[in-house]
Amino acid sequence: MAEEKIEQAPAFPVATEARKARQKKAPDLPILERRNWLIHLHYIRKDYETCKAIIKEQLQETQGMCEYAVYVQALIFRLEGKIQQSLELFQTCSILSPLSSDNLKQVARSLFLLGKHKAAIEVYNEAARLNQKDWEICHNLGVCYVFLKELSKAKEQLILALQLSRHEMTSVMLGKIYLLEGDTDKAIEVYKKAVEFSPENAELLTTLGLLYLELGVYPKAFEHLGNALTYDAGNCKAILAAGSMMQTHGDFDVALNKYRVAAYSEPESPPLWNNIAMCFFGKKKYVAAISCLKRANYLAPFDWKILSNLGLVHLTMQQYASSFHFLSAAINLQPRRGELYMLLAVALTNLDDPENAKQSYEQAVSLEQCHPLVNLNYAVLLYNQGDKKGALSQYQEMEHKVNTLKEGNNAEFDPEMVDMAQKLGAALQVGESLVWTKPAKDPKSKQRTASSSKVSSTQQPLGSNQALGQAMSSAAGYGKSLQSSTGGGSTQFSKPPSLPLEPEPGPDDSSGALVPESHEMERNKEQSKKRLVAE
């Protein structure tokens with residue numbers, strides 16, 4: 001027993017030492033970092049006033065040597081819009097900690113916000129030397145190069161950023177660069193990879209759908225736009241694009257239901273009211289169309305597409321002076337659109353000003369190098385003015401353009417346009433069917449104008465995005481469709497046209513383009529037949 005007691009005796013002092021070790025006080029934080037946790041707590045709670053008061057006390061105690069307090073102070077200044085002051089504080093942080101890439105990134109960010117992109121690139125490059133595997137540095141370098149119009153260097157940096165880490169914003173910026181270069185296919189590839197990485201991102205799905213819409217791949221466009229609306233039912237861009245596709249197929253009521261949803265989220269969207277107006281126009285509710293277009297024009301007074309549509313509606317209602325006013329305003333804003341000059345010429349023709357109408361047609365012919373409708377309407381005007389030689393020249397130019405369109409993209413032509421061309425050809429004694437194919441032979445042919453193929457390839461972006469610009473306005477395309485529908489005079493559509501926003505001319509609806517001229521041609525032909533019978 002004595003031996004056991006001797007063996008257990010040394011155990012007591014060990015336990016006493018352990019207990020004393022636990023009772024030691026926690027070490028005090030250095031004075032420079034004493035309030036960092038409190039500063040961080042108020043900053044993430046967005047309690048900036050309290051945060052600034054604590055930062056002030058901390059800087060007074062440390063004589064301005066607390067890096068974290070200076071850093072957070074600079075962040076707060078940036079949020080308040082004091083970019084220059086935040087830049088100076090971030091530079092102070094980089095002096096206190098010269099090997100920190102985060103401080104240099106913030107300095108470069110402030111320079112970028114001040115518009116000093118070259119200086120920002122230099123600082124980002126210096127930060128990249130300290131941290132070569134930071135995707136954010138590569139991404140921001142790419143953005144800076146985009147602002148300097150150095151797209152090749154921007155692509156290199158953005159591709160490198162994607163290799164380091166896949167992020168949605170990098171993919172979006174890289175896709176925009178490819179769109180700026182006109183390489184839609186590569187842009188689609190980039191967005192498809194981004195959608196695979198983020199399948200629930202509504203903005204990526206919408207952008208991809210708009211690109212497919214621009215290329216005319218409507219099934220894929222509708223699929224991606226539908227997915228975008230599944231994840232974000234109030235996405236205005238997706239609603240406008242999907243609605244425009246419905247308008248293209250004449251489903252105006254369904255499109256209006258879509259636009260009604262968008263009106264709740266963005267009630268002051270000019271493109272939205274423009275599309276709503278043209279839905280009413282397609283339903284022949286012209287007063288409602290003008291009311292919506294006036295609201296769109298109030299919200300965006302310098303949008304030439306809205307002004308062009310206003311001119312178009314007034315032209316349909318035979319209000320030629322008002323049409324001339326809005327079309328002139330549209331031309332002043334967009335002087336390189338040939339179809340606008342063609343519509344202006346139609347208005348001038350109906351205002352009994354053939355000389356100015358000829359000048360407008362000449363300008364339209366010089367700007368519009370592909371579409372034959374300008375030449376056809378010009379030829380009709382010249383024929384009615386007695387200039388058969390000029391009319392024949394324009395008719396031959398129209399034939400050349402028709403052949404080019406048929407060889408290039410297998411375009412379909414409106415029956416009204418074909419009928420008018422055949423009548424004019426007979427009147428000019430150049431044959432009735434030199435280049436035209438009769439639409440009745442093709443069972444799958446739809447009543448659309450030749451302008452439909454032209455609009456899909458030449459309609460300009462909002463871009464933020466080009467396809468969205470096509471969806472938001474059909475000024476140019478509808479202008480051409482109006483001309484083709486009225487060029488034939490007294491003929492009528494047998495079914496609703498496939499172009500968006502195109503009305504069906506009724507028995508009493510002379511849409512204003514060239515109806516008087518075509519009737520005059522019919523009367524001349526009837527008089528000539530009577531003379532032959534009398535002889």
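**Close-up views of core and ring contacts**

View 1. The largest nonpolar core has 124 residues, and among them Tyr259, Ile276, Leu376 and Leu424 touch the most other members. The model is predicted. Nonpolar side chains in soluble globular proteins tend to be buried together.

**View 2. Surroundings of Tyr259.** Which residues does Tyr259 touch, not counting those up to four places away in sequence? Its partners are Ile239, Leu240, Gly243, Ser244, Gln247, Leu272, Asn275, Ile276 and Cys279. Of these, Ile276 is also named with Tyr259 among the core residues that touch the most other members.

**View 3. A second core.** A separate core holds eight residues. Ile39, Cys51, Ile55 and Val72 are among them.

**View 4. The Tyr43–Tyr48 ring pair.** The structure contains five aromatic pairs. In one of them, Tyr43 and Tyr48 have ring centres 5.9 Å apart. Their planes meet at 50 degrees, so the pair is tilted; edge-to-face would need an angle over 60 degrees. Tyr48 is partly exposed, at 24% relative accessibility.

**View 5. The Phe112–Phe147 ring pair.** How far apart are the ring centres of Phe112 and Phe147? They lie 5.4 Å apart. The planes stand at 80 degrees, so this pair is edge-to-face. Phe112 sits in helix H7 (residues 101-113) and Phe147 in helix H9 (residues 135-147). The pair therefore ties together parts that are 35 residues apart in sequence. Phe147 is partly exposed at 49% relative accessibility.

Methods
Residues are numbered from 1 along each chain as its sequence is written. This is a predicted model: local features need pLDDT of at least 70, side-chain atom pairs count only at pLDDT 80 or more; totals for chains, interfaces and linings use all residues. Side-chain values use heavy atoms; hydrogens and water are left out. Rings of Phe, Tyr and Trp (its six-membered ring) pair if their centres lie within 6.5 Å; planes under 30 degrees apart count as stacked, over 60 as edge-to-face and the rest as tilted. Buried means under 20% relative accessible area, exposed over 50%, partly exposed in between (1.4 Å probe, protein chains only). Helices (H or I, at least four residues) and strands (E, at least two) are DSSP runs, numbered from the N terminus. A nonpolar core is a set of buried Ala, Val, Leu, Ile, Met, Phe, Trp, Tyr and Cys residues joined through side-chain atoms within 4.5 Å. Contact means heavy atoms within 4.5 Å.
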